[in-house]
Amino acid sequence: MHDTSPSFQLLPGSPDSPVILHVPHSSRVVPAEVRSGITLDDTALERELDHMTDSHTAQIAELAAGRVPSGTPWRFVNRLSRLVVDPERFPDEREEMLAVGMGAVYTGTSHQGELRPGDHDGRPLVERYFHPYAEAMTDAVAGRLDAVGRAVVIDVHSYPTEPLPYELHGTGPRPPICLGTHPFHTPAGLLARAEKAFAGFGGTGVDSPFAGTYVPLAYYGKDPRVSALMIEIRRDLYMDEPGGPAGPGLAVLAEALAELVRSVHSE
């Protein structure tokens, strides 16, 4: 029997806000029917979730949204772990992370062990979870375009202080704040606003160790009204790694994210 609870949630913001805070990797929830296809024992699975979950990022987005009472951003939050499906991957051969077993449905772990058998058929999970998520996010962007003529998707992520073995570009700089961009969807002004908003954390970098940002495929590379930027927060700024509690840095980061939202509204 399948779990029929929603696997994602769109939390409405102000009708005139173009901003969608997208939080895809904050959950640790793995439904029982998905858990049965994962080969790790319970202890190893909890350890993998510690490494791969962007812990507390949903709380950062929630606090930030609450600090912009006039022009509250919308929030689109994944309620399932990325170990179920990763909604930010391409669902086909375009995805470079397939090289390490981390396409839309992971078969490899963060330390390049086995998460699922190599011959695992991920198509049922893609149909059940990936496509509905993508369609709902597409609808959320369409709603902002219809309402205000533009949409600004801000991805809220975190990443570990030390590189994990699965990372394809783990040898590059690991700044306190990494800003992921796309040549078509990230205007220079949006990047500059983010650099200013997050200037107080010891430095920002661009596209290292993680590059790119999320845009629904219906708009990807096609519609300049859709802007996007990824915020990757190094975890030592706000939490005990790998999967521990948040500290006082969380509230400070939330204020910086709120400042970015306010600056987007002022365009």
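This is a predicted model: local features need pLDDT of at least 70, side-chain atom pairs count only at pLDDT 80 or more; totals for chains, interfaces and linings use all residues.
1. Helix α6 covers residues 249-265, 17 residues in total. From first C-alpha to last, α6 reaches 25 Å. That is close to the 24 Å expected at 1.5 Å a residue.

2. The buried positions of α6 are G249, L250, L253, A254, A256, L257, A258, L260, V261, S263 and V264. An α-helix has 3.6 residues a turn, so residues three or four places apart point the same way. Check the list with that spacing in mind: L250, L253 and L257 are among the buried residues.

3. Now the helix pair. The axes of α5 and α6 come within 9 Å and cross at roughly 145°. The crossing of α5 past α6 is right-handed. On the α5 side, L190, R193, A194 and A197 make the contact.

4. Next, an arginine in a loop. R235 lies between β7 and α6. Is R235 buried or exposed? R235 counts as buried, because its relative accessibility is 3%.

5. What does the side chain of R235 reach? It reaches the backbone oxygen of T53, at 3.2 Å. Leaving out residues up to four places away in sequence, R235 touches D50, H51, M52, T53, D54, S158, Y159, P160 and E241.

How values were computed: Residues are numbered from 1 along each chain as its sequence is written. Side-chain values use heavy atoms; hydrogens and water are left out. Helices (H or I, at least four residues) and strands (E, at least two) are DSSP runs, numbered from the N terminus. The expected span of a helix is 1.5 Å times one less than its number of residues. Buried means under 20% relative accessible area, exposed over 50%, partly exposed in between (1.4 Å probe, protein chains only). Axes are lines fitted to C-alpha atoms, for helices over the stretch in contact, and angles run from 0 to 180 degrees between N-to-C directions. A crossing is left-handed if the near helix is turned anticlockwise from the far one by less than a right angle, and right-handed if clockwise. Contact means heavy atoms within 4.5 Å. A polar contact is a pair of N or O atoms within 3.5 Å; within protein, one must be able to donate a hydrogen and the other to accept it, and residues adjacent in sequence count only if both atoms are side-chain atoms.
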